[in-house]
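Subject: Structure handover

Hello,

Here is the structure I promised to pass on. My notes on what was found in it follow below the model.

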Amino acid sequence: MIFSFLSVKKLTALGLSLFTLTALDIPKVYSAENIFAVYTPFIASLRVESLEQFVKDGTVNQNLGRYLSFAKVNDEQKAEFRKVLSTPVTVDPVLLSRVLNTEEAVRLLNYFGSVINIRGGSNGKYILRGALIKAAMEKDGLSLMNVIRNLAVDVQINIPQALKYSEQIALVVEASELFAQEIANLATKEAKSAEAVGFSQLADIRQTGKIAVTNTTLNLYDTKRNRRFYVKIYHPKELQQNNPVIILSHGLSSRPEDFANIANHLASYGYLVAMPQHIGSDIIQTENFIAGMSRQIFYVEEFINRPLDITFTLDELTRLNPSQFGGKLNLDSVGVAGHSFGGYAALAVGGAKIDFNNLERNCNLAVGNLNTALLLQCRALNLPRKDYDFRDARVKAVYTVNPVNASIFGANGLNEVKIPTFFAAGSYDPATPFVFEQARTFPYLNSQNTYFQLQEGQAHVDFSQLDAGISDMIQTVGNLTLPSPYLLEDYTNSMALAFFKVHLSNDENYRVYLQSSFGKYLSEGQEFKTHVITYKSVPELREKYEDFIRRNYSLLFDQILSKN
């Protein structure tokens, strides 16, 4: 299988008309009685009590029936809609208020407020925010029906805008399916054209290596930036002369310890893996935000500090090499790996340049609101407009998983990367959607030593480790199955090892693993497969991408409506 989407197209306009976000304390005595659908010159109203009766006992009165008939909703979709309206999620209303006052949430509120208007046509972002917060205070939890009940005034739905957004959502679904299938086809084509390999007779690089591993922690202080952070290090108990080094950058709201598995795997094959903490965008910063000690989920300066953390870590390892590592580390030629926001940092030290013009253009596109990674990237527009150059000449190979990159770097910024580069992506990734982020930019990488791996079902994080609140939300999504995290670790660990063995350690024995046929071998017997392509597939993938853009230009490049 490639991957499947829930059937939501027919409910998109209706769902958009009922969606909302949070944070003005409007007195409860006022509440909406009607939702007006406006498609000039026609205006029709849907009574809130019609929805309440539908949620209570499934009754579809004449008022609601007109809308369901208009949307051509069948019985199965009707039942799903009722479930969507009534299923509650437990959310701390104070935390929700904080989230909805962040720059990222304000952008989303503006997006949905352009569809859900105050009577007269003004953007409904403020009443949406208030309704969400008040709904979260309800004893039975935050549900869509509770949000509707807590709307302070009657609202009107901008039907033309809702339909346009519906088309954009459908287009993203189409693109995701199209490019997932295209990458699978290209991987099959590459595998068929390559010489057959008996991988079962070769070393199984999914397994932990034979080298004994230990770990330690360094506490560093960068006086120039007044920045203290720790570095978690995994390395062979017995270091070799010119021991290879990899720096691994964790993602947003994460920590070095979350990557112990891949660090241990690489160390068991001879690498020293150093994982710096990024203090303004790690799990501690998230905890501070949740506790009300910070107003930001991450500081915008992290676009600067993250790559500088990598460079400073290399500087400190160089300084400490004689005293703590017996002078055995090779710090003139290192690899860098990164996940998500860490992928941004890895690409930056690999030479990628911030392209503010490209970022600003993308941040002004309505379809960009469907890309959660763009919410993060648009924050960089608050940085001073400078020609930032984070390239570190010691970095010789870059491996990324779910990297944030498409808008902040774009094709021009990524073309500054002149070293071997690996993109790994997940078909279920909601945080850095592969069709927006990785598949969009991979065709424009210059180097011949470039690789793209699509992991079916990979969803950015290990969902088995999520907290109860997020797990509750996931359980409300029907027909959602996910691959085993151990399978995804096999896919990631084996390809990362092969990549660094070839492009950092110059070990040609591992090049055989860096091809599409190895992805096919790893996928044998698996429901969720992995597909690997190389620079050989870039011309066809680029042609497919550019053709898709030409056919859908008007929808893809629709500008955001006024924020007022």
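Helix α2 (residues 48-57) and helix α4 (residues 75-86) pack at an angle of about 100°, and their axes are 9 Å apart. The two helices, α2 and α4, are therefore roughly perpendicular to each other. That term covers angles of 65 to 115 degrees, with under 35 degrees counting as roughly parallel, over 145 as roughly antiparallel and the rest as oblique. Axes are lines fitted to C-alpha atoms, for helices over the stretch in contact, and angles run from 0 to 180 degrees between N-to-C directions. On the α2 side the contact involves L51, F54, V55, K56 and D57, which meet K78, F81, R82, L85 and S86 of α4; contact means heavy atoms within 4.5 Å. Sorted by class, the contact of α2 with α4 has 5 nonpolar, 1 polar and 4 charged residues.

Please note that this is a predicted model, in which local features need pLDDT of at least 70 and side-chain atom pairs count only at pLDDT 80 or more, while totals for chains, interfaces and linings use all residues. Residues are numbered from 1 along each chain as its sequence is written, and side-chain values use heavy atoms, with hydrogens and water left out. Helices (H or I, at least four residues) and strands (E, at least two) are DSSP runs, numbered from the N terminus.

Next, the aromatic residues. A search of the whole structure finds 31 aromatic pairs. Rings of Phe, Tyr and Trp (its six-membered ring) pair if their centres lie within 6.5 Å; planes under 30 degrees apart count as stacked, over 60 as edge-to-face and the rest as tilted. Y399 and F422 form a tilted pair, because their ring centres are 4.8 Å apart and their planes stand at 35°. This pair links distant parts of the chain, with Y399 in strand β11 (residues 395-401) and F422 in strand β12 (residues 421-426), 23 residues apart. Both Y399 and F422 are buried, where buried means under 20% relative accessible area, exposed over 50% and partly exposed in between (1.4 Å probe, protein chains only).

A second tilted pair is F423 with F442, so classed because the ring centres are 6.4 Å apart and the planes are at 50°. F423 lies in strand β12 and F442 in the loop between α17 (438-441) and β13 (450-455), so the pair ties together parts that are 19 residues apart in sequence. F423 is buried, with a relative accessible area of 0%. Apart from residues up to four places away in sequence, F423 touches several others, including L347, T400, P403, Y451 and F452. F423 and F452 are 29 residues apart in sequence, yet 4.8 Å apart in space, C-alpha to C-alpha.

Elsewhere, F199, Y510, Y513, F518 and Y521 form one aromatic cluster. Two arginines also sit over rings. The charged end of R228 is over the ring of Y221, 4.0 Å from its centre, and R379 lies over the face of F298, at 4.5 Å from the ring centre. A charge counts as over a ring if NZ of Lys or CZ of Arg is within 6 Å of the ring centre and within 35 degrees of the ring normal.

Last, the backbone. Phi of N226 is near 50°, a positive value in a residue other than glycine. N226 lies in the loop between β6 (213-222) and β7 (227-236) and is exposed, with a relative accessible area of 58%.

Regards

Terms used
Ala, Val, Leu, Ile, Met, Phe, Trp, Tyr, Cys and Pro count as nonpolar, Asp, Glu, Lys and Arg as charged, and the others, Gly among them, as polar.
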